[in-house]
There are 6 protein chains.
Amino acid sequence: MTEFNQPISGNDLARFSGPNTFMRLPQADSLEGLDVAILGVPMDIGTSWRSGTRFGPKEIRAESAMIRPYNMATGAAPFDSLQMADIGDLAINTFSLSDSLRIIQESYAAILDTGVIPVAMGGDHSITLPILRAIAQKHGPVALVHVDAHADVNDEMFGERETHGTVFRRAYEEGLLVADKVYQIGIRGSGYAATDFTEAQGWGFQQFPAWELYHRSLSGMGGEIRRDIGSRPVYVTYDIDSLDPAFAPGTGTPEIGGLTTPQAMELIRELKGLNIVGCDLVEVSPPYDTSGNTALTAANLLYELLCVLPGVTAR
Amino acid sequence: MTEFNQPISGNDLARFSGPNTFMRLPQADSLEGLDVAILGVPMDIGTSWRSGTRFGPKEIRAESAMIRPYNMATGAAPFDSLQMADIGDLAINTFSLSDSLRIIQESYAAILDTGVIPVAMGGDHSITLPILRAIAQKHGPVALVHVDAHADVNDEMFGERETHGTVFRRAYEEGLLVADKVYQIGIRGSGYAATDFTEAQGWGFQQFPAWELYHRSLSGMGGEIRRDIGSRPVYVTYDIDSLDPAFAPGTGTPEIGGLTTPQAMELIRELKGLNIVGCDLVEVSPPYDTSGNTALTAANLLYELLCVLPGVTAR
Amino acid sequence: MTEFNQPISGNDLARFSGPNTFMRLPQADSLEGLDVAILGVPMDIGTSWRSGTRFGPKEIRAESAMIRPYNMATGAAPFDSLQMADIGDLAINTFSLSDSLRIIQESYAAILDTGVIPVAMGGDHSITLPILRAIAQKHGPVALVHVDAHADVNDEMFGERETHGTVFRRAYEEGLLVADKVYQIGIRGSGYAATDFTEAQGWGFQQFPAWELYHRSLSGMGGEIRRDIGSRPVYVTYDIDSLDPAFAPGTGTPEIGGLTTPQAMELIRELKGLNIVGCDLVEVSPPYDTSGNTALTAANLLYELLCVLPGVTAR
Amino acid sequence: MTEFNQPISGNDLARFSGPNTFMRLPQADSLEGLDVAILGVPMDIGTSWRSGTRFGPKEIRAESAMIRPYNMATGAAPFDSLQMADIGDLAINTFSLSDSLRIIQESYAAILDTGVIPVAMGGDHSITLPILRAIAQKHGPVALVHVDAHADVNDEMFGERETHGTVFRRAYEEGLLVADKVYQIGIRGSGYAATDFTEAQGWGFQQFPAWELYHRSLSGMGGEIRRDIGSRPVYVTYDIDSLDPAFAPGTGTPEIGGLTTPQAMELIRELKGLNIVGCDLVEVSPPYDTSGNTALTAANLLYELLCVLPGVTAR
Amino acid sequence: MTEFNQPISGNDLARFSGPNTFMRLPQADSLEGLDVAILGVPMDIGTSWRSGTRFGPKEIRAESAMIRPYNMATGAAPFDSLQMADIGDLAINTFSLSDSLRIIQESYAAILDTGVIPVAMGGDHSITLPILRAIAQKHGPVALVHVDAHADVNDEMFGERETHGTVFRRAYEEGLLVADKVYQIGIRGSGYAATDFTEAQGWGFQQFPAWELYHRSLSGMGGEIRRDIGSRPVYVTYDIDSLDPAFAPGTGTPEIGGLTTPQAMELIRELKGLNIVGCDLVEVSPPYDTSGNTALTAANLLYELLCVLPGVTAR
Amino acid sequence: MTEFNQPISGNDLARFSGPNTFMRLPQADSLEGLDVAILGVPMDIGTSWRSGTRFGPKEIRAESAMIRPYNMATGAAPFDSLQMADIGDLAINTFSLSDSLRIIQESYAAILDTGVIPVAMGGDHSITLPILRAIAQKHGPVALVHVDAHADVNDEMFGERETHGTVFRRAYEEGLLVADKVYQIGIRGSGYAATDFTEAQGWGFQQFPAWELYHRSLSGMGGEIRRDIGSRPVYVTYDIDSLDPAFAPGTGTPEIGGLTTPQAMELIRELKGLNIVGCDLVEVSPPYDTSGNTALTAANLLYELLCVLPGVTAR
Ligand SMILES: [Mn+2]
Ligand SMILES: [Mn+2]
Ligand SMILES: [Mn+2]
Ligand SMILES: [Mn+2]
Ligand SMILES: [Mn+2]
Ligand SMILES: [Mn+2]
Ligand SMILES: [Mn+2]
Ligand SMILES: [Mn+2]
Ligand SMILES: [Mn+2]
Ligand SMILES: [Mn+2]
Ligand SMILES: [Mn+2]
Ligand SMILES: [Mn+2]
């Protein structure tokens, strides 16, 4: 028996039962004593096509009830050596994108102050901008592993500078990132010009378009990224639309020809050893997730991310 | 500000956010100080056609997040004068119907011991037999308001004597009910012989077939039932399949030609003043509830039941 | 134990099990000895908006597995005194509407030759024209109870004279009907001119628009129709879109403001005593029936039709 | 043949074909010569529970393809005497509620300037506030027929004063309405206090809660409202959630025990003769409309509204 | 700014808004000045299993709204150098397959006369036979790139010689194809005999069964086909069921073990340089496309086809 | 014309028509003369997360109607040389898991007595324990090809020793298997400790975790397994959740990162030549199979299994 919080076992309470926390971990009302805080940012007003990501945290938690604590593939046992809990949702203002971004940034500043590692369930990708602002305030500019179908480096959308499609241009401009340690993986689809991608290469961003990754393992690429980052603080942001819509239909701006879940797991598992200071998984839109598979996939990828956090032991 | 538990307000935390408790009430770990305990009994192994009711409590709670504390139609304010909480789910054994029924009965005995009124979210209707056993042990034989498409008075099904279709024959045989104060409302459909219904009439059960209730208010009938019951202890069991499938598609054994939600609310609202010692709402099957409406309806009917519990004040 | 075919009982074989015949009746390979033949006409190439009715017979049969043999409301016991069986599907030509109509007419002629009463599961409404041709050949012009959102009396559609929207003009023109004993019930919606309905009134058709039927029982109207028809042969054609889309979403040309299932049952039950020489239930489109309720409703209405066939006894 | 725009006939082009305009009317690029402009306001960022209404106009148009030009029940022929067209969607800013409201108001001011009657497809109900601002600027304070499950008279929601739940308090405060000629029909559900409804009664609003309307025709009530309004300008705002979720599941904040579509049509048909200066139909959320029925219902109710516009003749 | 038609930008009008044309290109009423005409052929009466493809064009257009004009992977900018427009749907006769095929052939003859390249959205695969007839009349026998789960070389189906399963036998017999320049890619599944495939090999058809293509890039194969075709006119017909049902569930006759979307894009991208004289994408069945992904995939593959048309430049 | 039972041809009866037997084979009432008996075991009460597999046999049969008799990839013609029939469903007791397991074992003993090879459609995986008990009684301990996301070697679940998660520990303990000829293929996901898998390795089980199988053909592995088994009797149990949820969403305990259908077919096709004494395909849960693809996949994999049964010839 460990001293750390554990998910409720399926032998104690049927899996379709119990609290709707991530993996049925305890819900914590305070950050006191936590190493890792799992939280929801239920928001969809930063999206440009289909909405619905406001229900992302709820459904990811629901599907996470089936996950058990030990990673059969890697031996990671995330609940053996870190104190983790679900701290609930941020109280965003669903009628105002700008106000919500402010709330997120302030909430993250308070969380990071305690030294806890925040693991967010989105919400649309616009949540990552205020998160990175708080992260940079705490850690300085960070490396970024950004898995996504989109580069999210638009300048503005319908005149707005802070949306789910402008996050990483803003983050670059504001100096929140170590630009040549930014890795954009799985980008693809259509745009307006080659510069939609290449301009960010000019800033130093390293891009791995989806079409270069087909039919093969991403373990090698993951290892190279890990070695390239070294010991600097790194943030991981996982947009579920990086996956092919066959694997993740329930998202707002799906693009065909994406990654597979084996590739996603190969990539994340190679990040073990990095100094991850926070991560998020965004853009799960339950109303478009008719099978529940997208939320299930998100829950599992979040679990894989927990398994590579600093301090997690294997057995 | 009241001293009693209140649902989280939508102005404090967006409705798509927060704990998955009934109406976002606090989750209680102990019965201490409670007047009413809302609980889930997530079970579907007593069903004969479609399964899926094991996810009933989870989805009813999810849809209940939209309900506010004050009943605009009746003025009832259930959280003004009673201490209510969600106490989570019973730890049933999903592989054994008989063992689950034993667990339910024992759990209910413990709950009733404290004087708390239990309000259950099913689960299939087989849960009501062990509930009534515990209720009768506490209160003696009780009156029963039973709203259902089915009389649930089979003798056995595939050789089994305890299933969702045999509940009220067993309850009658075991003396758990005041037989002439049993009201079966909304029964209809097909059977094997007239005695499928009439035998129970011979025991004293009062039956209100659906086809006698079409196109009219149920307020009158509800009032008559209330006056007929008087002050004796009464249990209310609401099978969601009493409603027409247009109003409640997500259930295991739907029968066309059922009640409407206006009728259901008219009926329940007339029960105010009765000495209700417990109630349940059963047979919501989320995998067949493609619109979510059935769970939404169930949540609202449970709310209406809370509004007529003894001690609830109006304002 | 009766000498007549009986549905498999749910106590002998779980309802989700067994053959996919109507009500799990035996499948008959010959008409020999049958009083009533239940058959499928799986076709959708006569439809003008959504297709999918080709799967109607399959899904109606699937949902019919829950129906038991005795009618609790009316006491009818259709399997006590008539030999009924499911004779499978007609081998229509799914690539040619005209060829399919020919096949249906010839098949019906053969069935009617034996004296068997045919009960068809559609298929789109265009199947009723060749059926009526065969019926009239056998019985002469018949009375017609036609429940539908549409009058189906167009002259042509895209130049075609035989589609699901022209059936009853053709039947009238060809003298298949006793025109002043045709009852069109539930018609409504939009059209091109008042004559879309009134022209048929000029032929003698009696029309009961949906908007005159709201909020009340159809028992009275059903009784009047029964008395008006008297002892002459009558065919009953039930288009599921007569029902409101809330009750029957899975159909090809839904019209809001329709009948309810209580009204449908009230109407059909009043037809007991008529000399029904055949009937059909058409326009169930499973791909649009996300809850399965439309097929369930169709199965039940077909069952109600079986209950009012000549010779069916009550007990 | 008329000189006015006509929907494409199903005999010229199959109904599943052709432009996605309302009823397959021509799309107009200018307001020149129009009497009525049908337009979309695709927005969902003013919603508090489920989103998705941004796709409302698209789906309402898709389902409207089945409607023919003549109203069989009332004889109205809306395209005989008024020039109507679909003018497309307003170019709202999906990232900013306040900016979108500004765009709507300015767009409406321009439309109203031309004397055209605007008929809007929402979008969430927050669109009606800027519409009423423009309407009042043009016509002065107007009477209001407001059909809805909710009174939408909150003061603020999460600190915001302009959301889909605060519309009519703002409109009242700003003097946009003739307060004692405001009719709120179908309101119901739960709230925080009796004053949630009664405060607006104090302003003069006339309220018709759903529970007073069950089981009966709304023609009488509709006629009374028409006579009470007389000849003054009136705006009609129809929130699809006024309907019961059985009839309109695809909406963001469904409340059980609502109106039926027969009632909705009875009500709207009684408004013929009023000086309607504009109308809207809001809150259709396609991702939650699994059967398509909600958009179908919305399209039909919009058609019924076209049928009662001033100047529409019957034949 | 270009002189050519451009899709509406998401920064000018929200993507969930605007006309339902392919990629929100202008709708053209005349072929005058066009290089490429995108059109719908909404038909499903040539299908043998599930229907629904009549709604294919509508849904493909709806999902195409998210595609932007520049191909990030290949640099193709199809709207830079060719005038493209959506010319709407052919007015097929939904009640007659043979009449519809005639209409298609005549319509195509008229289109081809103008020198425009036609790009069709099906509809079931039977549309390709009249298209090829018109194509051969214009261009003589053509090479054919045929991507499909099925060889579609049946002789007849239920006695009919023109259905979605007989297209390429008819085309071969009628001399519409250069037989040894026909490439059937992705064929698989079950049949009646080896000759179902091998007979067509005897005609010269080159077949690439799916099981020889697993786990690898199709770029090499695509390049070989391109070189083998050389400069002769070629028609490309893409049956969406060539893809695995995981990638394209919404189709009428799905076969497991199919191609992936990466493979589909690799293949199409290699066709750049060919003298493509027309192409189509068929068999998208929206009622079976619960996630919308199949229409999304179809829209993207059509876009990829536009990107390899003769005269399209890259930048 | 062959002497053996053949599926009904799509040219004789439209595929959406006819009996709901596997591949529309004849239904046999006796085992007399059969070589292979295909049967359903419709059960879901052994599941720990989502239920619904009770409808598995019904839906697998429904989707199997599209499969034709000849295997285009392998040349196998299973109906050329073996007499096969669908013998319907076992009459399990849906209210008792233990009683159902007893019924299955007894039924299998009777089937095996006749020398017929049984091919089962589940149902949840708990059915395989009584099947193996009967198999071992007939054949002695057998080799086992077990394709699954889970090892199903738990000791107990909620105190129960016979559930869908404990099958192969029980089978091992009871000596039903040749332990070092057990192949567990596709296992993955999360657990409680490394021993969840490794303990079974200690018994001799050979495990092929999914993560070792990505991006490559399984033909090689299949061939090795075939050679390792040699001529001893072998049972094949195929849990549909071995596949990735993208390929098989409709199952009760999905795990991401699974096999693809090409891999599944490559594996099964390599089993040709083995002495297969029975096989099953389990865990298809139709209520979660929104596209029908999972049942379609199951039907095809069962067909592939028929193709490798001993005695099946190729042509
Ligand atoms: Mn992103
Ligand atoms: Mn993205
Ligand atoms: Mn019940
Ligand atoms: Mn019931
Ligand atoms: Mn009809
Ligand atoms: Mn109709
Ligand atoms: Mn409203
Ligand atoms: Mn409302
Ligand atoms: Mn094809
Ligand atoms: Mn094909
Ligand atoms: Mn298993
Ligand atoms: Mn498994």
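Colleague: How much area is buried between chain C and chain D?

Modeller: First, the basis: this is a predicted model, where local features need pLDDT of at least 70, side-chain atom pairs count only at pLDDT 80 or more, and totals for chains, interfaces and linings use all residues. Residues are numbered from 1 along each chain as written, chains are lettered from A in the order written, and side-chain values use heavy atoms, without hydrogens or water. Buried area is the accessible area (1.4 Å probe) that two parts lose on being put together, summed over both. Carbon and sulfur atoms give 60% of it, and the area is about 2800 Å².

Colleague: Which residues in chain C lose the most area to chain D?

Modeller: Three residues together make up 28% of what that side buries. They are W49(C), Y192(C) and I256(C).

Colleague: How many residues does the contact take from each chain?

Modeller: Contact means heavy atoms within 4.5 Å. The contact takes 30 residues from chain C and, from chain D, 38 residues.

Colleague: Which residue of chain D forms a salt bridge with E255(C)?

Modeller: A salt bridge puts a side-chain nitrogen of Lys or Arg within 4 Å of a carboxyl oxygen of Asp or Glu. The rule finds two across this interface. In one, the closest N and O atoms are 2.5 Å apart, and the partner of E255(C) is R68(D).

Colleague: What is the bridge partner of S190(C) in β2(D)?

Modeller: Strands are DSSP runs (E, at least two residues), numbered from the N terminus, and two strands pair if DSSP finds at least two bridges between them. β7(C) and β2(D) (residues 70-71) pair in the antiparallel sense over two bridges. The partner of S190(C) is N71(D).

Methods
Helices (H or I, at least four residues) and strands (E, at least two) are DSSP runs, numbered from the N terminus.
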